[in-house]
Amino acid sequence: MIPRVTATIDLAALQHNLGVVRRLAPRSRVMAAVKANGYGHGAIPAARALEAAGVDALAVACLEEAVELRRAHIHCPIALLEGVISEEEAAQAVYQRLQVVVHDHWQIELLQRLGRDAQVGIWFKIDSGMHRLGFPLTDVPRLLDVLRAQPGWTLHGWITHLASADEPDNGFTREQVARFDAALSGVSGPRSIGNSAGIIGWPEARADWVRPGLMIYGASPMPGQTGADLGLKPAMRLESRLIAVRDFEAGETIGYAQSWTCPERTRIGVAAVGYADGIHRTFRSGTAAMVGGRRVAYAGRVSMDMITLDLRQAPDAQVGDPVLLWGEELPAEEIAAQAGTIPYELFCGLTQRVHFRYR
Ligand SMILES: *Cc1c(COP(=O)(O)O)cnc(C)c1O
């Protein structure tokens, strides 16, 4: 059986990209984000490849994601970026030897309920301006008091998250780093600041630990810059195939709502991939795909199981030919920009129906 849609994942690319992170931040330890099923690439294979390449730690959003990795015999340190949300989760996190990011007082109380001697590895998350999660800067002394009262707790470090690191001209990143440094002045413990954009764009954000996500998968978070521009290798190729090729006369309209009109006699290809696979309806006419090494354009609305392509640039295309949705020759960053979104959402948006193949 030939799968309709295949995501081919190059695990060696993840290891190569980890190397790029290490070259950019040679003095930092690396906590690679494999949350959201490894950004849609498969959390377990991604984690195995990164662990084999010597990553210092992995990061997931929640307990379920971490337990999935532990069940797959991933033994390296794993941090829970959102921490725990119940006493039961707190106990599980300790049992699974997870590092718990603590961002609020209610989470401290959950962990304290495990008892004074419970062995808990924690990171304190400080809000330096993102204003999503984290303790106010002024809470640092109180957090140190909490630590002193919990002899079983190990502090792995202090985390903050950047709001606008993907904007090279936005001085707010420098402001956040300065606030974080000032709040922790004289306080011991490793610091962790940069996500991918921080690592790429801001040397001051490459602290004791870096937390790359997107760049590990070979894509760039910086607008107008692809992963390849930074020496990264895209890890995912998403391909479908043509299941119909037909010519239509000028003036004929294509697909739902007749949103695309043939400007001349036009060869139209139908590829077996749609929004039920993760090609969102925001992929408008004009979005690029590739057939036979040539760039072609989406023509008309994305449907649940199909897209229609203007094949005038690939006149030899035939039924059965592969259609590349994104991959090395067609950067996901570029496709995402055309579709009004970001590569993160393209990768995470792939559905169950997509067949995964690992190299
Ligand atoms: C997801 C996440 C990261 C990784 O972000 P990228 O932009 O994918 O590099 C880092 N830190 C935190 C707190 C995150 O939630």
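View 1. Ala-25 sits in the loop between helix H1 (11-24) and strand E2 (29-33). Helices (H or I, at least four residues) and strands (E, at least two) are DSSP runs, numbered from the N terminus. This is a predicted model: local features need pLDDT of at least 70, side-chain atom pairs count only at pLDDT 80 or more, and totals for chains, interfaces and linings use all residues. Residues are numbered from 1 along each chain as its sequence is written, and side-chain values use heavy atoms, with hydrogens and water left out. Ala-25 has 3% relative accessibility and counts as buried. Buried means under 20% relative accessible area, exposed over 50%, and partly exposed in between (1.4 Å probe, protein chains only). Leaving aside neighbours within four places in sequence, Ala-25 is in contact with Arg-206 and Val-210. Contact means heavy atoms within 4.5 Å. Val-273 is 248 residues from Ala-25 in sequence, and their C-alpha atoms are 39 Å apart in space.

View 2. Helix H4 covers residues 63-71. Its buried residues are Leu-63, Glu-65, Ala-66, Val-67, Leu-69 and Arg-70. An α-helix has 3.6 residues a turn, so residues three or four places apart point the same way. Just after H4, His-73 takes a positive phi of about 65°.

**View 3. Ser-128 and its polar partners.** Ser-128 is in the loop between E6 and strand E7 (135-136). Its relative accessible area is 1%, so Ser-128 is buried. Its side chain makes a polar contact of 2.7 Å with the side chain of Thr-160. A polar contact of 3.0 Å joins the side chains of Ser-128 and Gln-176. A polar contact is a pair of N or O atoms within 3.5 Å; within protein, one must be able to donate a hydrogen and the other to accept it, and residues adjacent in sequence count only if both atoms are side-chain atoms. Beyond neighbours within four places in sequence, Ser-128 is in contact with Leu-137, Thr-160, His-161, Gln-176, Arg-179 and Phe-180.

**View 4. The salt bridge of Glu-87 and Arg-113.** The side chains of Glu-87 and Arg-113 form a salt bridge, 3.4 Å from N to O. Glu-87 is in helix H5, and Arg-113 is in the loop between helix H6 (105-112) and strand E6 (120-127), so the pair ties together parts that are 26 residues apart in sequence. A salt bridge is a side-chain nitrogen of Lys or Arg within 4 Å of a carboxyl oxygen of Asp or Glu. Side chains of opposite charge can pair when their charged atoms come close. Glu-87 is partly exposed, at 34% relative accessible area. Arg-113 counts as exposed, at 52%. By this rule the count comes to 17 salt bridges.

**View 5. The salt bridge of Glu-204 and Arg-174.** The closest N and O atoms of Glu-204 and Arg-174 are 2.8 Å apart in a salt bridge. The pair links distant parts of the chain, 30 residues apart. Glu-204 is in the loop between helix H9 (196-201) and strand E10 (209-210), and Arg-174 is in helix H8 (residues 172-183). Glu-204 counts as partly exposed at 30% relative accessibility.

**View 6. The salt bridge of Glu-334 and Arg-295.** Here the side chains meet at 2.8 Å, N to O, in the salt bridge of Glu-334 and Arg-295. Glu-334 lies in helix H10 (residues 332-338) and Arg-295 in strand E16 (residues 294-298), so the pair ties together parts 39 residues apart in sequence. Glu-334 is partly exposed at 28% relative accessibility. Arg-295 is also partly exposed, at 36%. Elsewhere, salt bridges that share partners join Arg-4, Asp-277, Asp-305 and Arg-353 into one network.

View 7. The domain assignment gives domain 1 (11-217) and domain 2 (236-358). The bounds come from an automatic or database domain assignment. The C-alpha centres of the two domains lie 37 Å apart. Eight residues of domain 1 are in contact with seven residues of domain 2. The domains bury about 770 Å² between them, 73% of it on carbon and sulfur atoms. Tyr-39, His-41 and Leu-214 supply 59% of the area that domain 1 buries against domain 2, more than any other three residues. Buried area is the accessible area (1.4 Å probe) that two parts lose on being put together, summed over both. Across this interface the rule finds zero salt bridges. One residue pair is in polar contact across it, both at pLDDT 80 or more.
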